[in-house]
Amino acid sequence: MTLPSLWFWIVAVMVTVYVVLDGFDLGAGAIYLIAAKTNEERRKVLRAIGPVWDGNEVWLLAAGGTLYFAFPQLYASSFSGFYLPLMMVVWLLMFRAIGIEFRAHIENLVWQEFFDVLFAVSSILLCVFFGAALANVVRGVPLDATGYFFEPLWTNFKLGPQTGILDWYTVLIGVMALVTLAAHGSHYVALKTGEDLGRRAQGIALLCWPLQFFLTCISLVATYFIRPEVMTNYAHHKVGLLVPILVFASLAVILWATPKGREKVSFVASSLYITGMLVGAAFALYPVVLPARDHQYDLTIYNTSAGIHGLTVGLVWWALGAVLALGYFVFVYRMFRGKVQLGEGHY
Amino acid sequence: MGLALLIVVLKTIGLRRNDPVYHQAARFWGKIFGINFVMGVVTGIPMEFQFGTNWSIFSRFAGGVIGQTLAMEGMFAFFLESAFLGLFLYGEKRLSPKAHWLSAVAVFVGSWLSGYFIIATDAFMQYPVGYSKAADGSLQLASFWDFVLNRWALWQYAHNMCGAAITGAFIMTAVGAFYLLSGQWTEHGRIFVKIGVIAGCVFSILQIFPTGDRQGQLVTDHQPVTLAAMEGLFQGQTAAPLVLMGQPNDQQGKIDNPLEVPGMLSVLTYRRWSAHVRGLDAFPKQDWPGNIPLLYYSYHIMVGLGTFFIAVMVVALLLLWLGKIFTARWMLWILMLSAPFPYIANTAGWMTAELGRQPWLVYGLMRTEDGYSKSVSAGNSMFTLLGFMGMYMVLGILGLFLIRREIENGPLALNLPGATEAQ
């Protein structure tokens, strides 16, 4: 495997870890207002994600940093091209952070309600935006010979040569991301809490399942329809067939485990489902990293990667950093394992 | 970042002496650190995005080098800091005192590492080393250690971290002084003043010498035109005077109403009274920093305040040593009112560094006007800039409001819903 390929997979894995980890706290935010009714329940949800959400979000920053390091040209093109939606993502991330962190500072209904809504709405919108972002990458963007592009928020919601951030395909994937992460968050809330709150979360997860199944099937068909090239890698490398098997097996396990109240199994299966979907997308794209609507301008790992010396040196410190980060996460999640108890620390 | 250091100091003393007052003090500052940290996280996220969104041509040009430090910041600093801050703030009951102390140390190390990686990135823009040019004109990493251990980065880092420590120390001292002046929580107030004054004195001195002095030497050697603009030296001269005060007049190329120390600038830069210091006239006008008066004032405000910090903290330390500081109301007043000055000095210092680098984005390699995203229209940039200005103002007010509340509630406050039950 060449160095740029290796770094492609490292970034893909980091993004996947980000979506699995931050996905459950985003999802917890998405179901927050309907699952948690009383102040005590809301505090429990926040308590369940409080010590870990920021660490989870660091995976986004670390994946972004690693992307910048390994594929600077890709970072430059995509971040300037997706200027407007990224600015919205930044705002939503900011709102969500203060929604989680500032709520507990003042015990006053008005104050708390404000931050509750801020947290929930920004979580919901972030789920949709991240889905739409992924869809934009899969669908391709109007890159030209300069290697740059600029996408408006929408054009006519069709898939012409001049695309916008939002069209029927990206909205579809955005909705799918919201349903997936809401279900993922529900499994987590059910796992970390219990009683009425846990049961309500379980109910939401069950409600999401048919939608998730239906949207998964539609999205696969739609993706093939708008970009038949996604099948090339699958046709050449049979190992890719593990991806659909993983996706549908995980869905089956979720359907089996959730009504039985086996929260841990459901949560793991939900994580595997997300992993399968994202790795599958990366597998379909490789070695393209940002497809152009006109394929001669595709950005690939070869025309965007940093110098070979830099990539080689990076392997050393990246491996060290990844081992350390893994250690912290295992330690922190162990410290906060088990059901949430109110009555210690914040929230 | 300064506060992270002081919290470690408080925790260490608390652990050594097994003194609950120090643990309460650490918890109190931990809460304030938590509020600051949220501010830092939310205002820091746009920074990383900005490299790609607003400075894409620069990123394409220099990303092969500075991507190293930016990615390392994520891998080494952010993970450490965020993972252990959660433990420090929410895990005191679950952890042994030693483990809790260790989580405070981890937060400190994480935040200080983060500082290094970002300064190393800035240092590359100030003084690029360890790179080579690829065929397409972009920069590639040539020597990892030359780049990461850039001389400029080491001194700039030391200088910057002293500034952070001074800020933490002045804020801690000011809160302590406020408690002593108003006669509440005096036991904690004394600890805050004592630790704040000792740290403040040490770091104020280190700020000027050696770190500030060495930083000045680097500017003299590698950015002489910046030095001339900072000092307001329009014409080069031997035995150049140091302008203490005066207003630069760039139309006529002179300082109005100057108050000068003859020969001093030559001594500070070249260590000789008679040395010749090049003025702005020695350089083509297109290489002058764009806004000379602003640069000049930023630099002079920074140095003026730095001198003031030493004066205040040396006197305060003397009073502390004599055992008189807790009753010297005049001194406590000065210490309390000095709280905003480190923020002004830090901002002025960064303005000096960044305005001084102009017109270059990467010194000598890329001009600022060539580095921004051409694909993003000015209207879109303006729209988002205005948005951020508004948002940051709201965040600033919110943060100040919450911190003021914590200070008012005092170090023993159990105002958090969870905390009442935990005690």
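Figure 1. The model is predicted: local features need pLDDT of at least 70, side-chain atom pairs count only at pLDDT 80 or more, and totals for chains, interfaces and linings use all residues. Residues are numbered from 1 along each chain as its sequence is written, while chains are lettered from A and ligands numbered from 1 in the order in which they are written. Among the buried residues of α1(B) are B:Leu3, B:Ile7 and B:Lys11 (buried: 20 or more other C-beta atoms, placed from the backbone, within 10 Å of a residue's own). Helix α1(B), residues 2–17, reaches 23 Å from its first C-alpha to its last, close to the expected 22 Å (1.5 Å times one less than the number of residues). Helices are DSSP runs (H or I) of at least four residues, numbered from the N terminus. Just after α1(B), B:Asn18 has a positive phi of about 55°.

**Figure 2. Helix α7 of chain A.** This helix, residues 109–139, has 31 residues and reaches 45 Å from its first C-alpha to its last, close to the 45 Å expected. Because 22 of the 31 residues are buried, α7(A) is largely enclosed by the rest of the structure. A:Gly140 follows α7(A) and has a positive phi, near 100°.

**Figure 3. Packing of α5(A) and α3(B).** Helix α5 (residues 72–81) of chain A packs with helix α3 (residues 56–90) of chain B at about 145°, their axes 8 Å apart (axes are lines fitted to C-alpha atoms over the stretch in contact, and angles run from 0 to 180 degrees between N-to-C directions). Residues of α5(A) including A:Tyr75 and A:Phe79 meet residues of α3(B) including B:Arg60 and B:Gly64.

How values were computed:
Helices (H or I, at least four residues) and strands (E, at least two) are DSSP runs, numbered from the N terminus. A residue is buried if 20 or more other C-beta atoms lie within 10 Å of its own, exposed if 12 or fewer, and partly exposed in between; C-beta atoms are placed from the backbone. Two residues are in contact if their C-beta atoms, placed from the backbone, lie within 7 Å.
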